[in-house]
Amino acid sequence: MTAKYDAVVCGSGNSGLTASLTLAAAGKKVLLIEQHNLPGGSASSFRRGRFELEPSLHELGEVGPKNNPGAVRKMFDQLGVKVDWIEIPDLFRVVSTWTDDGTEMDVTMPTGVEPFIKKMEEYVPGSEKSMRDFFDLCIEVVDANEYIEEANGNPDSNVLREKYPNYLRTGAYSVTKVFKALKMPQRSQDILATYWGYLGVDLPHLNFVHYAAMIYTYVIFGPHIPTHTSHEISSACIARLRELGGDVWYNCRAEKFLFDGDKLCGVETSLGTVECDYALPNINPNFVYGKMIPKELIPEREKKLSTARGNKFSGRFIGAYFCLDKTIEELGIKDYTIFMSETSDSEKSYNNIYNGSDISQHSTFVCYNVANKNFSPKGTTVCSFTTLGNPKVWEGLSQKEYFKKKEAFAKQCIELLKRKTGIDISDCIEEMSVATPWTFARYMGNAEGNVYGYENRDWDTLVARMQMIETDYPIKGLRPIGACGPRGDGYNSAYVTGQMMAGLALRDMAQWAAQGSKGGE
(Lines give C-alpha, C1' and ligand atoms only; values in the text may rest on other atoms or scores of the structure.)
Protein backbone atom coordinates (compact mmCIF):
# COMPACT_ATOMS: atom_id res chain seq x y z
CA MET A 1 0.00 0.00 0.00
CA THR A 2 1.26 3.47 -0.86
CA ALA A 3 -0.31 6.74 0.28
CA LYS A 4 0.61 10.44 0.00
CA TYR A 5 0.23 13.02 2.78
CA ASP A 6 1.59 16.46 3.58
CA ALA A 7 2.61 15.26 7.05
CA VAL A 8 2.76 12.03 9.01
CA VAL A 9 2.69 12.08 12.82
CA CYS A 10 4.08 8.88 14.33
CA GLY A 11 2.57 8.08 17.72
CA SER A 12 -0.75 9.27 19.14
CA GLY A 13 0.52 10.22 22.59
CA ASN A 14 -0.43 13.65 23.87
CA SER A 15 2.14 15.49 21.77
CA GLY A 16 1.21 13.56 18.64
CA LEU A 17 -2.47 14.38 19.09
CA THR A 18 -2.01 18.14 19.26
CA ALA A 19 0.62 18.12 16.51
CA SER A 20 -1.69 16.31 14.08
CA LEU A 21 -4.62 18.58 15.01
CA THR A 22 -2.53 21.73 14.50
CA LEU A 23 -1.44 20.56 11.05
CA ALA A 24 -4.95 19.48 10.02
CA ALA A 25 -6.47 22.74 11.25
CA ALA A 26 -4.01 24.57 8.97
CA GLY A 27 -5.39 22.67 5.98
CA LYS A 28 -2.68 20.03 5.66
CA LYS A 29 -3.44 16.45 4.67
CA VAL A 30 -2.38 14.58 7.80
CA LEU A 31 -1.93 10.94 8.76
CA LEU A 32 -1.57 9.91 12.39
CA ILE A 33 -0.22 6.40 12.91
CA GLU A 34 -0.29 4.49 16.19
CA GLN A 35 1.22 1.10 17.01
CA HIS A 36 -1.46 0.39 19.66
CA ASN A 37 -5.14 -0.16 18.95
CA LEU A 38 -6.13 2.91 21.01
CA PRO A 39 -4.96 6.53 20.96
CA GLY A 40 -3.31 8.49 23.74
CA GLY A 41 -0.34 6.49 24.98
CA SER A 42 -0.57 6.90 28.76
CA ALA A 43 -3.61 9.16 28.25
CA SER A 44 -6.03 6.28 28.08
CA SER A 45 -8.08 4.04 30.37
CA PHE A 46 -8.43 0.36 31.23
CA ARG A 47 -11.06 -1.91 32.74
CA ARG A 48 -11.07 -4.11 35.81
CA GLY A 49 -14.40 -5.80 36.45
CA ARG A 50 -17.14 -3.15 36.45
CA PHE A 51 -14.67 -0.27 36.79
CA GLU A 52 -12.94 1.96 34.24
CA LEU A 53 -9.61 3.24 35.54
CA GLU A 54 -7.25 6.12 34.79
CA PRO A 55 -3.72 4.77 34.13
CA SER A 56 -1.64 7.91 34.69
CA LEU A 57 -3.30 11.31 34.88
CA HIS A 58 -3.63 12.87 38.34
CA GLU A 59 -4.50 16.40 37.31
CA LEU A 60 -3.79 19.09 34.71
CA GLY A 61 -2.47 22.49 35.76
CA GLU A 62 -2.91 24.61 32.61
CA VAL A 63 -6.63 24.13 31.97
CA GLY A 64 -8.20 26.75 34.20
CA PRO A 65 -11.89 27.67 34.47
CA LYS A 66 -13.80 29.17 31.53
CA ASN A 67 -13.39 32.69 32.92
CA ASN A 68 -9.64 32.23 33.45
CA PRO A 69 -8.48 29.76 30.79
CA GLY A 70 -4.98 28.34 30.80
CA ALA A 71 -2.84 27.32 27.83
CA VAL A 72 -4.37 23.83 27.48
CA ARG A 73 -8.00 25.01 27.57
CA LYS A 74 -7.18 27.80 25.09
CA MET A 75 -5.43 25.31 22.80
CA PHE A 76 -8.27 22.81 22.80
CA ASP A 77 -10.87 25.56 22.30
CA GLN A 78 -8.82 26.91 19.38
CA LEU A 79 -8.54 23.45 17.84
CA GLY A 80 -12.21 22.64 18.44
CA VAL A 81 -11.57 19.76 20.87
CA LYS A 82 -14.46 19.31 23.30
CA VAL A 83 -13.60 18.01 26.77
CA ASP A 84 -15.80 18.08 29.87
CA TRP A 85 -13.48 19.46 32.59
CA ILE A 86 -13.91 19.17 36.36
CA GLU A 87 -12.11 21.50 38.77
CA ILE A 88 -10.45 19.91 41.81
CA PRO A 89 -11.38 21.67 45.09
CA ASP A 90 -7.91 22.00 46.71
CA LEU A 91 -4.36 22.04 45.46
CA PHE A 92 -2.96 19.23 47.60
CA ARG A 93 -2.54 17.73 51.04
CA VAL A 94 0.93 16.63 52.10
CA VAL A 95 1.70 14.35 55.03
CA SER A 96 5.41 14.18 55.74
CA THR A 97 7.98 15.52 58.24
CA TRP A 98 9.46 18.99 58.64
CA THR A 99 13.14 19.00 57.74
CA ASP A 100 14.09 21.44 60.51
CA ASP A 101 13.10 19.20 63.44
CA GLY A 102 11.68 15.96 61.98
CA THR A 103 8.22 16.46 63.50
CA GLU A 104 5.03 15.53 61.63
CA MET A 105 3.80 17.74 58.80
CA ASP A 106 0.14 17.62 57.71
CA VAL A 107 -0.67 20.54 55.42
CA THR A 108 -3.51 21.26 52.97
CA MET A 109 -3.01 24.07 50.45
CA PRO A 110 -5.72 25.90 48.47
CA THR A 111 -5.73 27.26 44.92
CA GLY A 112 -5.40 30.97 44.14
CA VAL A 113 -2.36 33.13 44.91
CA GLU A 114 -3.86 35.12 47.78
CA PRO A 115 -5.47 32.10 49.52
CA PHE A 116 -2.20 30.20 49.05
CA ILE A 117 -0.11 33.00 50.62
CA LYS A 118 -2.60 33.40 53.48
CA LYS A 119 -2.62 29.68 54.25
CA MET A 120 1.18 29.53 54.05
CA GLU A 121 1.39 32.34 56.61
CA GLU A 122 -0.85 30.30 58.94
CA TYR A 123 1.44 27.28 58.69
CA VAL A 124 4.69 29.28 58.61
CA PRO A 125 4.37 32.66 60.38
CA GLY A 126 6.59 35.30 58.81
CA SER A 127 6.58 33.71 55.35
CA GLU A 128 4.35 36.25 53.57
CA LYS A 129 7.04 38.52 52.11
CA SER A 130 9.09 35.70 50.64
CA MET A 131 5.94 34.14 49.19
CA ARG A 132 4.89 37.39 47.52
CA ASP A 133 8.39 37.77 46.09
CA PHE A 134 8.21 34.16 44.91
CA PHE A 135 4.90 34.61 43.06
CA ASP A 136 6.07 37.89 41.50
CA LEU A 137 9.03 35.97 40.16
CA CYS A 138 6.75 33.16 38.94
CA ILE A 139 4.70 35.63 36.90
CA GLU A 140 7.83 36.94 35.22
CA VAL A 141 9.02 33.40 34.51
CA VAL A 142 5.71 32.39 32.89
CA ASP A 143 5.59 35.56 30.77
CA ALA A 144 9.19 35.07 29.66
CA ASN A 145 8.56 31.43 28.71
CA GLU A 146 5.57 32.49 26.60
CA TYR A 147 7.70 35.12 24.86
CA ILE A 148 10.46 32.60 24.10
CA GLU A 149 7.90 30.11 22.75
CA GLU A 150 6.38 32.78 20.49
CA ALA A 151 9.90 33.62 19.28
CA ASN A 152 10.50 29.93 18.46
CA GLY A 153 13.45 29.77 20.83
CA ASN A 154 15.15 32.77 19.21
CA PRO A 155 14.23 35.69 21.51
CA ASP A 156 15.61 39.21 21.33
CA SER A 157 18.25 39.44 24.07
CA ASN A 158 17.44 43.13 24.60
CA VAL A 159 13.80 42.30 25.26
CA LEU A 160 14.81 39.63 27.77
CA ARG A 161 17.14 42.03 29.59
CA GLU A 162 14.62 44.86 29.69
CA LYS A 163 11.35 43.02 30.38
CA TYR A 164 12.47 39.80 32.08
CA PRO A 165 15.70 40.53 33.99
CA ASN A 166 14.90 38.20 36.89
CA TYR A 167 14.20 35.38 34.45
CA LEU A 168 17.78 35.72 33.26
CA ARG A 169 19.08 35.99 36.83
CA THR A 170 17.37 32.77 37.95
CA GLY A 171 17.52 30.79 34.69
CA ALA A 172 20.82 29.10 35.51
CA TYR A 173 20.02 28.24 39.13
CA SER A 174 18.31 25.40 40.95
CA VAL A 175 15.09 25.69 42.94
CA THR A 176 16.97 25.33 46.23
CA LYS A 177 19.38 28.18 45.45
CA VAL A 178 16.61 30.58 44.46
CA PHE A 179 14.54 29.68 47.54
CA LYS A 180 17.52 30.56 49.70
CA ALA A 181 18.11 33.82 47.80
CA LEU A 182 14.48 34.75 48.49
CA LYS A 183 15.15 34.13 52.21
CA MET A 184 12.24 31.73 52.24
CA PRO A 185 11.68 29.93 55.58
CA GLN A 186 12.63 26.26 55.49
CA ARG A 187 9.09 25.12 56.28
CA SER A 188 7.73 27.11 53.33
CA GLN A 189 10.35 25.41 51.18
CA ASP A 190 9.17 22.05 52.53
CA ILE A 191 5.58 22.77 51.49
CA LEU A 192 6.54 24.08 48.05
CA ALA A 193 8.77 21.03 47.52
CA THR A 194 5.69 18.79 47.47
CA TYR A 195 5.35 18.79 43.68
CA TRP A 196 8.93 17.73 42.96
CA GLY A 197 7.78 14.22 42.03
CA TYR A 198 5.63 15.62 39.23
CA LEU A 199 8.85 16.58 37.43
CA GLY A 200 10.93 13.65 38.67
CA VAL A 201 13.99 15.68 39.74
CA ASP A 202 14.97 16.74 43.26
CA LEU A 203 15.03 20.48 43.98
CA PRO A 204 18.83 20.93 44.33
CA HIS A 205 19.15 19.70 40.71
CA LEU A 206 15.90 21.03 39.19
CA ASN A 207 15.96 24.31 37.28
CA PHE A 208 14.01 27.03 39.10
CA VAL A 209 12.33 28.37 35.95
CA HIS A 210 10.78 24.97 35.21
CA TYR A 211 9.50 24.46 38.74
CA ALA A 212 8.22 28.02 39.13
CA ALA A 213 6.19 27.76 35.92
CA MET A 214 4.58 24.50 37.07
CA ILE A 215 3.77 25.70 40.59
CA TYR A 216 2.28 28.95 39.34
CA THR A 217 0.00 27.32 36.76
CA TYR A 218 -1.41 24.96 39.40
CA VAL A 219 -1.96 27.78 41.90
CA ILE A 220 -3.42 30.35 39.50
CA PHE A 221 -5.58 28.04 37.36
CA GLY A 222 -6.33 25.27 39.84
CA PRO A 223 -5.96 21.57 38.94
CA HIS A 224 -8.52 20.01 36.59
CA ILE A 225 -9.39 16.53 35.32
CA PRO A 226 -11.56 15.30 32.45
CA THR A 227 -14.87 13.76 33.52
CA HIS A 228 -14.21 10.42 31.81
CA THR A 229 -10.48 9.74 32.37
CA SER A 230 -7.73 10.97 30.06
CA HIS A 231 -9.14 8.63 27.40
CA GLU A 232 -11.86 11.26 26.98
CA ILE A 233 -9.20 13.79 25.90
CA SER A 234 -7.55 11.38 23.46
CA SER A 235 -10.89 10.28 21.97
CA ALA A 236 -12.03 13.89 21.59
CA CYS A 237 -8.78 14.75 19.79
CA ILE A 238 -9.20 11.83 17.38
CA ALA A 239 -12.83 12.75 16.69
CA ARG A 240 -11.83 16.32 15.90
CA LEU A 241 -8.90 15.20 13.73
CA ARG A 242 -11.28 13.14 11.59
CA GLU A 243 -13.68 16.09 11.34
CA LEU A 244 -10.77 18.12 9.96
CA GLY A 245 -10.08 15.45 7.34
CA GLY A 246 -7.16 13.73 9.03
CA ASP A 247 -6.62 9.98 8.80
CA VAL A 248 -5.72 7.62 11.66
CA TRP A 249 -4.13 4.19 11.27
CA TYR A 250 -4.05 2.00 14.37
CA ASN A 251 -1.94 -1.15 14.76
CA CYS A 252 0.58 0.60 12.53
CA ARG A 253 4.22 1.08 13.48
CA ALA A 254 6.74 3.49 11.96
CA GLU A 255 9.74 1.44 10.85
CA LYS A 256 11.98 3.82 8.93
CA PHE A 257 12.11 7.41 7.66
CA LEU A 258 12.86 7.69 3.95
CA PHE A 259 14.92 10.45 2.32
CA ASP A 260 15.53 11.92 -1.11
CA GLY A 261 19.05 13.19 -0.61
CA ASP A 262 18.95 15.04 2.70
CA LYS A 263 15.21 15.79 2.58
CA LEU A 264 12.58 13.50 4.10
CA CYS A 265 10.22 12.06 1.51
CA GLY A 266 8.31 9.31 3.30
CA VAL A 267 7.76 6.89 6.15
CA GLU A 268 8.03 3.13 5.91
CA THR A 269 5.40 1.61 8.20
CA SER A 270 4.26 -1.88 9.12
CA LEU A 271 1.27 -1.32 6.82
CA GLY A 272 3.19 0.04 3.84
CA THR A 273 5.06 3.06 2.57
CA VAL A 274 3.65 6.56 3.06
CA GLU A 275 4.93 9.46 0.96
CA CYS A 276 5.06 12.79 2.79
CA ASP A 277 6.85 16.12 2.97
CA TYR A 278 7.16 16.14 6.75
CA ALA A 279 7.22 13.67 9.66
CA LEU A 280 6.85 14.37 13.35
CA PRO A 281 7.80 11.25 15.32
CA ASN A 282 6.49 11.12 18.87
CA ILE A 283 9.34 8.73 19.54
CA ASN A 284 12.48 8.97 21.66
CA PRO A 285 15.08 10.76 19.48
CA ASN A 286 17.67 8.07 20.28
CA PHE A 287 15.43 5.52 18.54
CA VAL A 288 14.87 7.88 15.62
CA TYR A 289 18.54 8.67 15.07
CA GLY A 290 19.84 5.23 16.02
CA LYS A 291 17.50 2.97 14.05
CA MET A 292 15.21 4.91 11.74
CA ILE A 293 17.28 7.25 9.54
CA PRO A 294 20.50 6.87 7.50
CA LYS A 295 23.58 7.23 9.70
CA GLU A 296 25.08 9.93 7.50
CA LEU A 297 22.09 12.20 8.20
CA ILE A 298 22.40 12.11 11.97
CA PRO A 299 23.53 15.59 13.02
CA GLU A 300 26.81 15.67 14.96
CA ARG A 301 25.16 17.81 17.57
CA GLU A 302 22.52 15.14 18.23
CA LYS A 303 25.23 12.51 18.73
CA LYS A 304 26.92 14.70 21.34
CA LEU A 305 23.62 15.47 23.06
CA SER A 306 22.72 11.79 23.23
CA THR A 307 26.11 10.93 24.71
CA ALA A 308 25.83 13.72 27.30
CA ARG A 309 22.37 12.61 28.37
CA GLY A 310 23.27 8.95 28.52
CA ASN A 311 20.40 7.00 30.05
CA LYS A 312 19.19 9.79 32.33
CA PHE A 313 15.56 8.90 31.82
CA SER A 314 13.02 10.57 34.04
CA GLY A 315 9.73 9.43 35.47
CA ARG A 316 9.66 5.64 35.57
CA PHE A 317 6.52 5.04 37.55
CA ILE A 318 4.91 2.34 39.64
CA GLY A 319 1.16 2.59 40.12
CA ALA A 320 -1.37 0.70 42.22
CA TYR A 321 -5.07 1.01 41.39
CA PHE A 322 -7.82 0.07 43.84
CA CYS A 323 -11.55 -0.32 43.23
CA LEU A 324 -13.40 -0.27 46.55
CA ASP A 325 -16.95 -1.33 47.42
CA LYS A 326 -17.43 1.54 49.89
CA THR A 327 -18.06 5.26 49.38
CA ILE A 328 -15.62 8.03 50.21
CA GLU A 329 -17.91 9.01 53.10
CA GLU A 330 -17.77 5.50 54.55
CA LEU A 331 -13.98 5.46 54.17
CA GLY A 332 -13.45 8.98 55.51
CA ILE A 333 -11.64 10.18 52.36
CA LYS A 334 -11.93 13.96 51.93
CA ASP A 335 -8.85 14.90 49.89
CA TYR A 336 -8.42 14.40 46.16
CA THR A 337 -4.60 14.38 46.32
CA ILE A 338 -2.46 13.35 49.29
CA PHE A 339 1.32 13.35 48.95
CA MET A 340 2.88 11.02 51.50
CA SER A 341 6.60 10.81 52.21
CA GLU A 342 9.04 10.01 54.99
CA THR A 343 10.92 13.26 54.50
CA SER A 344 10.37 16.69 52.95
CA ASP A 345 13.95 16.59 51.69
CA SER A 346 13.44 15.94 47.97
CA GLU A 347 17.08 15.02 47.37
CA LYS A 348 16.96 12.38 50.08
CA SER A 349 13.70 10.98 48.67
CA TYR A 350 15.05 10.96 45.12
CA ASN A 351 18.25 9.13 46.11
CA ASN A 352 16.40 6.56 48.20
CA ILE A 353 13.92 5.87 45.40
CA TYR A 354 16.60 5.26 42.79
CA ASN A 355 18.58 3.17 45.25
CA GLY A 356 15.69 0.70 45.29
CA SER A 357 12.92 1.96 47.59
CA ASP A 358 9.55 1.38 45.97
CA ILE A 359 7.11 3.67 47.73
CA SER A 360 7.85 4.79 51.28
CA GLN A 361 9.96 7.80 50.26
CA HIS A 362 7.38 9.57 48.12
CA SER A 363 3.93 8.41 47.07
CA THR A 364 0.91 10.24 45.64
CA PHE A 365 -2.56 9.05 46.63
CA VAL A 366 -5.42 10.19 44.35
CA CYS A 367 -9.13 9.57 44.95
CA TYR A 368 -11.07 10.43 41.81
CA ASN A 369 -14.51 10.31 43.48
CA VAL A 370 -13.64 13.35 45.63
CA ALA A 371 -13.71 15.53 42.50
CA ASN A 372 -16.11 13.44 40.42
CA LYS A 373 -18.87 11.73 42.41
CA ASN A 374 -19.82 9.65 39.37
CA PHE A 375 -16.35 8.38 38.54
CA SER A 376 -17.27 4.83 39.57
CA PRO A 377 -20.50 2.84 40.09
CA LYS A 378 -22.80 3.96 42.89
CA GLY A 379 -21.60 2.95 46.35
CA THR A 380 -17.98 2.51 45.22
CA THR A 381 -14.69 4.41 45.19
CA VAL A 382 -11.65 4.33 42.90
CA CYS A 383 -8.23 5.47 44.08
CA SER A 384 -4.62 5.07 43.02
CA PHE A 385 -1.09 5.31 44.38
CA THR A 386 1.83 6.44 42.25
CA THR A 387 5.53 6.62 42.99
CA LEU A 388 8.70 7.06 41.01
CA GLY A 389 10.49 3.74 40.70
CA ASN A 390 13.77 2.14 39.75
CA PRO A 391 13.11 -0.32 36.90
CA LYS A 392 16.13 -2.42 37.86
CA VAL A 393 14.27 -3.48 41.02
CA TRP A 394 11.88 -5.35 38.71
CA GLU A 395 14.48 -6.98 36.47
CA GLY A 396 15.41 -10.65 36.39
CA LEU A 397 12.30 -11.89 38.20
CA SER A 398 10.43 -15.06 37.39
CA GLN A 399 6.73 -14.67 36.64
CA LYS A 400 5.88 -15.87 40.13
CA GLU A 401 8.40 -13.47 41.74
CA TYR A 402 7.12 -10.59 39.61
CA PHE A 403 3.52 -11.03 40.72
CA LYS A 404 4.59 -11.55 44.30
CA LYS A 405 6.50 -8.26 44.20
CA LYS A 406 3.48 -6.47 42.74
CA GLU A 407 1.30 -7.80 45.55
CA ALA A 408 3.88 -6.65 48.11
CA PHE A 409 3.84 -3.19 46.57
CA ALA A 410 0.06 -3.00 46.79
CA LYS A 411 0.24 -4.01 50.45
CA GLN A 412 2.81 -1.25 51.05
CA CYS A 413 0.37 1.27 49.58
CA ILE A 414 -2.45 0.17 51.86
CA GLU A 415 -0.24 0.24 54.95
CA LEU A 416 1.27 3.64 54.08
CA LEU A 417 -2.14 5.27 53.68
CA LYS A 418 -3.35 3.86 56.99
CA ARG A 419 -0.20 4.89 58.82
CA LYS A 420 -0.11 8.41 57.41
CA THR A 421 -3.82 9.30 57.37
CA GLY A 422 -5.73 6.67 59.34
CA ILE A 423 -7.69 5.65 56.21
CA ASP A 424 -8.01 1.88 55.89
CA ILE A 425 -9.07 0.40 52.54
CA SER A 426 -7.93 -3.17 53.21
CA ASP A 427 -11.38 -4.69 53.86
CA CYS A 428 -13.25 -3.30 50.82
CA ILE A 429 -11.07 -4.05 47.78
CA GLU A 430 -13.17 -5.40 44.91
CA GLU A 431 -10.58 -5.05 42.13
CA MET A 432 -6.89 -4.21 42.15
CA SER A 433 -4.11 -3.74 39.59
CA VAL A 434 -0.43 -2.81 39.74
CA ALA A 435 1.63 -1.28 36.91
CA THR A 436 5.43 -1.35 37.02
CA PRO A 437 7.89 0.48 34.74
CA TRP A 438 7.87 -2.61 32.55
CA THR A 439 4.09 -2.38 32.21
CA PHE A 440 4.47 1.09 30.71
CA ALA A 441 7.38 -0.14 28.58
CA ARG A 442 5.26 -2.94 27.14
CA TYR A 443 2.24 -0.79 26.30
CA MET A 444 4.08 2.33 25.13
CA GLY A 445 7.41 1.07 23.81
CA ASN A 446 9.41 3.53 25.92
CA ALA A 447 12.88 2.71 27.20
CA GLU A 448 12.64 1.43 30.80
CA GLY A 449 8.97 2.48 30.82
CA ASN A 450 9.80 6.15 31.15
CA VAL A 451 6.99 8.56 30.23
CA TYR A 452 8.85 11.81 30.93
CA GLY A 453 11.71 11.56 28.43
CA TYR A 454 15.07 12.74 29.77
CA GLU A 455 15.52 14.34 33.16
CA ASN A 456 15.33 18.13 33.16
CA ARG A 457 18.38 18.12 35.36
CA ASP A 458 21.48 20.29 35.88
CA TRP A 459 22.53 21.55 32.39
CA ASP A 460 19.67 19.86 30.48
CA THR A 461 16.99 22.33 31.59
CA LEU A 462 13.77 23.81 30.27
CA VAL A 463 15.62 27.09 29.68
CA ALA A 464 18.35 25.43 27.64
CA ARG A 465 15.89 23.34 25.63
CA MET A 466 13.63 26.30 24.88
CA GLN A 467 16.54 28.27 23.49
CA MET A 468 17.55 25.37 21.24
CA ILE A 469 14.21 25.03 19.46
CA GLU A 470 15.49 26.54 16.22
CA THR A 471 18.56 24.29 16.02
CA ASP A 472 17.37 21.22 17.90
CA TYR A 473 15.96 19.38 14.84
CA PRO A 474 18.18 20.25 11.85
CA ILE A 475 17.02 17.50 9.46
CA LYS A 476 14.84 18.76 6.59
CA GLY A 477 11.29 17.56 7.06
CA LEU A 478 11.80 15.82 10.43
CA ARG A 479 11.11 17.11 13.95
CA PRO A 480 10.84 14.69 16.89
CA ILE A 481 8.18 15.71 19.39
CA GLY A 482 7.05 14.55 22.82
CA ALA A 483 8.50 14.38 26.33
CA CYS A 484 12.10 14.56 25.08
CA GLY A 485 11.29 17.92 23.48
CA PRO A 486 11.75 21.49 24.70
CA ARG A 487 8.97 21.59 27.28
CA GLY A 488 9.94 18.31 28.93
CA ASP A 489 7.59 16.10 30.89
CA GLY A 490 3.92 16.05 31.83
CA TYR A 491 0.58 16.16 30.03
CA ASN A 492 0.49 19.96 29.75
CA SER A 493 4.00 20.18 28.34
CA ALA A 494 3.36 17.40 25.83
CA TYR A 495 0.23 19.08 24.48
CA VAL A 496 2.04 22.42 24.14
CA THR A 497 5.13 20.82 22.58
CA GLY A 498 3.03 19.07 19.93
CA GLN A 499 1.39 22.33 18.91
CA MET A 500 4.73 24.19 18.98
CA MET A 501 6.59 21.68 16.80
CA ALA A 502 3.70 21.46 14.34
CA GLY A 503 3.79 25.25 14.09
CA LEU A 504 7.47 25.10 13.15
CA ALA A 505 6.72 22.38 10.59
CA LEU A 506 4.04 24.61 9.04
CA ARG A 507 6.55 27.45 8.87
CA ASP A 508 9.09 25.20 7.14
CA MET A 509 6.53 24.00 4.59
CA ALA A 510 5.44 27.57 3.89
CA GLN A 511 9.06 28.61 3.28
CA TRP A 512 9.59 25.70 0.88
CA ALA A 513 6.45 26.64 -1.03
CA ALA A 514 7.58 30.26 -1.23
CA GLN A 515 10.96 29.17 -2.59
CA GLY A 516 9.23 27.09 -5.25
CA SER A 517 10.79 23.83 -4.11
CA LYS A 518 9.81 21.29 -1.47
CA GLY A 519 13.38 21.00 -0.26
CA GLY A 520 14.17 24.67 -0.54
CA GLU A 521 17.19 24.04 -2.75
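Me: What does the side chain of Ser15 reach at 3.2 Å?
Reply: The Ser15 side chain reaches the backbone nitrogen of Gly498. That is a polar contact, meaning a pair of N or O atoms within 3.5 Å; within protein, one must be able to donate a hydrogen and the other to accept it, and residues adjacent in sequence count only if both atoms are side-chain atoms.

Me: Before I go on, what sort of model is this?
Reply: It is a predicted model, where local features need pLDDT of at least 70, side-chain atom pairs count only at pLDDT 80 or more, and totals for chains, interfaces and linings use all residues. Residues are numbered from 1 along each chain as its sequence is written, and side-chain values use heavy atoms, with hydrogens and water left out.

Me: Thanks! Is Ser15 buried or exposed?
Reply: Ser15 has a relative accessible area of 1%, so it is buried (under 20% relative accessible area; exposed is over 50%, partly exposed in between, with a 1.4 Å probe and protein chains only). It is found in helix 1; helices are DSSP runs of H or I with at least four residues, numbered from the N terminus.

Me: And what does Ser15 touch?
Reply: Leaving out residues up to four places away in sequence, Ser15 touches Asn282, Ile481, Gly482, Ala494, Thr497 and Gly498. Contact here means heavy atoms within 4.5 Å.

Me: Staying with helix 1, at what angle does it pack with helix 2?
Reply: Helix 1 (residues 14–25) and helix 2 (residues 71–79) pack at about 40°, and their axes are 10 Å apart. The axes are lines fitted to C-alpha atoms over the stretch in contact, with angles from 0 to 180 degrees between N-to-C directions. Thr18, Leu21, Thr22 and Ala25 of helix 1 meet Met75, Phe76 and Leu79 of helix 2.

Me: New topic: where is Val175?
Reply: Val175 is in helix 7, which covers residues 175–181. At 0% relative accessibility, Val175 counts as buried.

Me: Which residues does Val175 touch?
Reply: Not counting residues up to four places away in sequence, Val175 touches Leu203, Leu206, Asn207, Phe208 and Tyr211. Its C-alpha is 8.2 Å from that of Ala212, 37 residues apart along the chain.

Me: What does Asn207 do at the start of helix 10?
Reply: A side-chain oxygen of Asn207 comes within 3.1 Å of the backbone nitrogen of Val209.

How values were computed:
Helices (H or I, at least four residues) and strands (E, at least two) are DSSP runs, numbered from the N terminus.
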